Amino acid sequence: MNLENFEDAFENIPVASKMDLKCALEECSMALNLFLNNKFSEALELLRPWSKDSMYHALGYSTILVMQAAMTFEQQDIQMGISTMKEALQTCQRFRKRSTVVESLSNLVSKQSVDQLSEEEMHAEICYAECLLQKAALTFVQDENMINFIKGGLKIRTSYQIYKECHQVLQMTQGSKSKNETYHQFEGGVNLGIGAFNLMLSLLPGRILRLLEFIGFSGNRELGLCQLREGASGSSLRAILCTFTLLVYHTYVSLILGTGEANLQEADSLLEPYLQKFPNGSIILFYAARIDILKGNFEKAQLRFQECIAAQQEWKQIHHLCYWELMWCYTFQQNWLQAYRYADLLSKESRWSKAIYVFQKAAILCMLPEDDLKRTGEDIVSLFRQVDGLKQRIAGKSIPTEKFAVRKARRYASSQPVKLILPALEMMYVWNGFAIVGQRADLTENLLVTIEKEETALQNETNHSEYYMDDVCMLQLLKGLCLKHLGRLMQAELCFSKVIQSEKQIKYDSYLVPFTLYELGLLYKQQDEREKAIRYIETAKNNYKDYSMESRLHFRIHAALDSLKVSPASTP
């Protein structure tokens, strides 16, 4: 069915008067196509009529609202997402077998109980688990600090339990149940759940996992990736969700919470069929552009993001994601006026994190020459002074990156502000941007020039501020990163060592030492000095606490030790 007919057909679809599993799956598949073609509200309209009476409609409808909530971060969208998820759970609950296996956790899935499960009941289990997981994920989106994650731990545990049992059901029915279309849909659901769970849990640092293992969790990254790949290569409704999960992992998670080594070949091949099928799909274009960034093709990425912005007007939050990426693209190229343009747009239009946007905008303005700055008509000092009042508390917790921005901006609070040194590049490090720009020797050289200029200026100051050593060390860390990516490893090592030797003189930015120890560890890893690498990374892990973005570093440390294949048992 080609797209034109498909859209005409959509105009006159009568609302079905009864709904069985097969019809439900077909309608949801249509809704998914509408969604991927940027027709977001039409997808919702198609699902709404049956969203209280059909589990797949309920799941699809609430999934779209949850995605929207995660993107806008508007409190009302998050509340809406959570309440539709609650309704979806009730809808799925009606179709589940009365005494579900889960309620009596002791009796594991037996051959007999599996044979008694109807097809509909099998799907009800998987839809129920998926709703639970998303509801928990939404509370998780609210809070990077995991407290909610653990509060939601029991919900998540039930979900995990159901997935494990569905997985057993799959293994037991591999030969018996007729392998029809709906069976493959069930299989896709299991792939998604087991895959996403294992992948997510495998990222968690040991101390968090210990809290969770207490309630019965453990994650195996390889199993997770394998299940998701299996799901992504199938033709079920969940194939695209498995694909998106893998894409988020390769293009974001492995950078922000990992060591920065992304599997771009896999990301490319996962996306390719969708680019063919939905050449204007904004979500698809967004990932394509993000992959270009990670390859260091910033110019190509910039064009693709513009296409993505032009592709639809309905979900403005996709534009905001593009602005954020474009801001970094221009930052990598040190095109500060353009970077400022996008930071400015974000601070005016997006609700995600006003504190970070305003800090980012001020940080970029710090990089502009005097004349350009005058032309923008902005006042850097007053921008930095706004940051503190903009920070959010989500579920009673503040967001680590916001806290960091607030702490840095304090230097402008007094009547004699002390200017920040290259704050835009420091923030770039926080988001692991050096790992990305490091693909491009030309741009890395230019950054090095900027850093060295600042270093000279700092040394030549006649009276040093109380922040002098913190600033010197921060520049050494950034300089070391540039040198590392340019292959000048000896010099990089010297820069990192300087920071560590100055530990006692650092007054405010205590995060510099543990982060530098970690970077030094990665440097030794690159030179195959495994023992040394482990020693430095373990030191960062065990000897420091209560510094900025600690949880983020622990995620990265966990990923690094994992790649050095250290069994967590060997660490206290």
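**View 1. H26 and H27 make a left-handed crossing.** Here left-handed means that the near helix is turned anticlockwise from the far one by less than a right angle. On the H26 side (residues 468-485), the contact includes Cys-473, Leu-477 and Leu-481, and on the H27 side (residues 489-501) it includes Ala-492, Phe-496 and Val-499; contact means heavy atoms within 4.5 Å. The axes, lines fitted to C-alpha atoms over the stretch in contact, come within 8 Å and cross at roughly 160 degrees. H26 and H27 are therefore roughly antiparallel, a label for angles over 145 degrees.

This is a predicted model, where local features need pLDDT of at least 70, side-chain atom pairs count only at pLDDT 80 or more, and totals for chains, interfaces and linings use all residues. Residues are numbered from 1 along each chain as its sequence is written, and side-chain values use heavy atoms, leaving out hydrogens and water.

**View 2. H12 packs against H13 at about 135 degrees.** Their axes sit 7 Å apart, and this crossing is left-handed too. Among the residues that meet are Leu-225 and Leu-228 of H12 and Leu-246 and Tyr-249 of H13.

**View 3. Arg-238 sits in the loop between H12 (221-233) and H13 (239-256).** Arg-238 is buried, at 2% relative accessible area (buried is under 20%, with a 1.4 Å probe and protein chains only). Its side chain makes a 2.8 Å polar contact with that of Glu-130, that is, a pair of N or O atoms within 3.5 Å, one able to donate a hydrogen and the other to accept it. Arg-238 also touches other residues, including Tyr-56, Gln-185 and Leu-192.

Notes:
Helix = DSSP H or I, 4+ residues; strand = E, 2+ residues; numbered from the N terminus. Buried < 20%, exposed > 50% of the residue type's maximum accessible area, 1.4 Å probe, protein only. Axes fitted to C-alpha atoms, helices over the stretch in contact; angles between N-to-C directions. Parallel < 35°, antiparallel > 145°, perpendicular 65-115°, else oblique. Lists of a residue's contacts leave out its neighbours within four places in sequence.
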